[in-house]
Amino acid sequence: MPRLAEPTAVQPVESAMVPRLFRLVDRRQDTADTFTIMLEPNDGVPLAFIPGQFTMLSAFGVGEVPISVSGDAHVAGPLQHTVRDVGAVTHALARTAVGDVMGVRGPYGTGWDVADGHSRDVVFVGGGIGLAPLRPAVLEVLAHREDFGRVVLMYGARSPEELLFVDELKQWEDQGMEVLVTVDYGRESWQGRVGLVTKLIPRAGFDPRSTLALICGPEVMMRHTALALVGRGVRSSRIRVSLERNMRCGVGLCGHCQYRELFVCVDGPVLPYAQVTGLLGLREV
Amino acid sequence: MRTIEQYLPDHPFFEGLDAPTLALIAGCATNISLAAGEYLCHEGDAADHFFVVRRGRVAIEVHGPAAGTLVLDTADEGDVVGWSWLVPPYVSTFDARAAEASGVVAFDGACLRGKCDTDAHLGYELMKRVTQVMNGRLVAAQMRLLDLYGGPGATDASPR
C-alpha cells in the first residue's frame, strides 16, 4: 500500500490567513504617490523575511494587498514597505498615521538569493516602484560588498520627480555600486539621462559571462531588459525576474495569481527568467 | 584624443565600412566642442549635419505650448544624433542641446548626401545605419507610450 506523502512544513491554512497586528511607527513620503511605512509588531516578535519576499498588508475594513518588503532583512528595526497609492487599499494605507494598526500576513514567496552571486558581478535593473523589492537585495549585497565582483544598478523611472530612494542612490555609489539612472521624460533642468532603462545595459561595467542579474519592474520592461541582457551575453539561467500577479491568499490556494502552471505567490514572485521566458510574451496568461 | 580617422573604424555606426569609405566620411567631419547649454541644431533648421557624441551629453528636446521644453532623449558617448540630413525634406525635427560641456564629431550631411546620390553603395550603407538609429528611437517611443512605470491603469492588484 503506498505511503502518504509526509506533510510539508507549511503553516496551517487557518493561521496563514490570519493577519498579525502591526503598528505604524513612522512614515516617509517618497514621491507624490509613493510612500514608505515602518511597522512594529504589536506582539513584539519581528517578522523575518528574505529579500524579494512579500507580505499581505491589510487596511482593516477595506482589503488586503500584496506588497514586497523594502527594508533591510538583516538589520533589526521596523518592517518597511514602500507602497504606491493606486487603489482603494493602498489609498487607505496612504492615509494611516503613526500609531494606527494594520494587518500583516506572511512573508510569502521566493527570494532573490543574492548569495548565488558570490564572487561574481551582480546587476540590478529596476523600473519605477520595482526598485523597492530590489532594495533588500541591494542592501544585502552592499553589506557584504567584498563577497561580490562589480555591482551595478540600472534604474529607470517615469520622471526625475518619481525616482525612489534618491539620497540612498548616492550612498550606494559611495559603497562601491555603479548606479546608472534614466527617466522617460525630463525638464530642461534635468542633467541626467533620458531614455529607456535598456539603453543603459551596453554602458554598464559588468562581465556578462559571470553575472547574476535581478530585474524588477513592469513585465514589458522586464522582458525587454532580459532580452537586452541576454543580447549582451548574460545566460538566461542567471537572470531572475520578480513577477506581479493579482495575489489574494498568498499561500497557493485561491488561484488568483496563477500564471499557467505557476502560482506566483508560492512559486514566485522571484523566478528564473529561463523558466518564464515563454510566458512573459504571451497574451492573456 | 584620437583623430577622426582613428575614431571612426571603432565606432559601431561605421562598423564594416571599408577604408576608402571611412576616409571619405572622415573628410566630411569636424570635431566640435560645446559649452553646456549650447545648441547643435534647432527644430525647423535645415538638417545639414549629424553628430556622434565623443564626450559629455546631448539632450534631444521638443517644445510645446503647454508642456514647455521636454527632454525626450539624451545621447551620451558614442551615440548618434540626427537622421533628418538623409531624409527629405532635410529639416531638423528636434532641438539638440549640450546638457553639459560636450565634444561631438559633426558630419557634413549635405556633402555626404551629394556623395550618396552618385554612389549607391555608400547611400545604401549609410541609409541602413541611419535606419537603425531611427528604429531605436521609434521602439523607445513605443515603449514610452505604454507608460511602463505606472500610468492611470495601475491598480491595487499590482501595486508591488
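These exercises cover a sheet, an interface and some salt bridges in a predicted model.

**Exercise 1. The open sheet of chain A**

Task: In what order do the 6 strands of the open sheet in chain A lie, and which are the edge strands?

Solution: 
- Step 1. Start with the background: strands of a sheet pair through backbone hydrogen bonds, either parallel or antiparallel.
- Step 2. Read the order across the sheet in chain A: β4-β3-β6-β1-β2-β5, with antiparallel pairing.
- Step 3. Look at the two ends. β4 (63-68) and β5 (79-84) of chain A each pair on one side only, and they are the edge strands.
- Step 4. Zoom in on one pair. Strand β2 (residues 34-41) of chain A runs antiparallel to β5(A), and 6 bridges join them. Here A:Ile37 faces A:His81 of β5(A), standing opposite.

**Exercise 2. The interface of chains A and B**

Task: How many residues of each chain are in contact, and how much area do chain B and chain A bury between them?

Solution: 
- Step 1. Count the residues. On chain B there are 32, in contact with 45 of chain A.
- Step 2. Turn to area. The size of an interface is often given as the accessible area lost when the parts come together. For chain B and chain A the value is about 3300 Å², with 50% of it on carbon and sulfur atoms.
- Step 3. Count polar contacts. There are 11 residue pairs in polar contact between chain B and chain A.
- Step 4. Ask what builds the side of chain B that touches chain A. β5 (68-75) and α4 (120-145) of chain B each supply at least two residues. The largest share, 7 residues, comes from β5(B).
- Step 5. Sort that side of chain B by residue type: 14 nonpolar, 7 polar and 11 charged.
- Step 6. Follow β5(B) across to chain A. Strand β10 (residues 186-187) of chain A joins β5(B) through 2 bridges, running antiparallel. A:Arg187 stands opposite B:Leu70.

**Exercise 3. Salt bridges**

Task: How many salt bridges does the whole structure hold, and how many cross the interface of chain B and chain A?

Solution: 
- Step 1. Take the total. Over all chains, there are 22 salt bridges.
- Step 2. Move to the interface of chain B and chain A, which has 3 salt bridges. One of them links A:Lys199 to B:Asp73, with the closest N and O atoms 2.6 Å apart.
- Step 3. Now stay within chain B. B:Arg113 and B:Asp48 form a salt bridge at 3.4 Å, N to O. B:Arg113 lies in helix α3 (residues 109-118) and B:Asp48 in the loop between β2 (39-41) and β3 (49-55) of chain B, so this pair ties together parts 65 residues apart in sequence.

Key. Residues are numbered from 1 along each chain as its sequence is written. Chains are lettered from A and ligands numbered from 1 in the order in which they are written. This is a predicted model: local features need pLDDT of at least 70, side-chain atom pairs count only at pLDDT 80 or more; totals for chains, interfaces and linings use all residues. Side-chain values use heavy atoms; hydrogens and water are left out. Two strands pair if DSSP finds at least two bridges between them. Helices (H or I, at least four residues) and strands (E, at least two) are DSSP runs, numbered from the N terminus. Contact means heavy atoms within 4.5 Å. Buried area is the accessible area (1.4 Å probe) that two parts lose on being put together, summed over both. A salt bridge is a side-chain nitrogen of Lys or Arg within 4 Å of a carboxyl oxygen of Asp or Glu. A polar contact is a pair of N or O atoms within 3.5 Å; within protein, one must be able to donate a hydrogen and the other to accept it, and residues adjacent in sequence count only if both atoms are side-chain atoms. Ala, Val, Leu, Ile, Met, Phe, Trp, Tyr, Cys and Pro count as nonpolar, Asp, Glu, Lys and Arg as charged, and the others, Gly among them, as polar.
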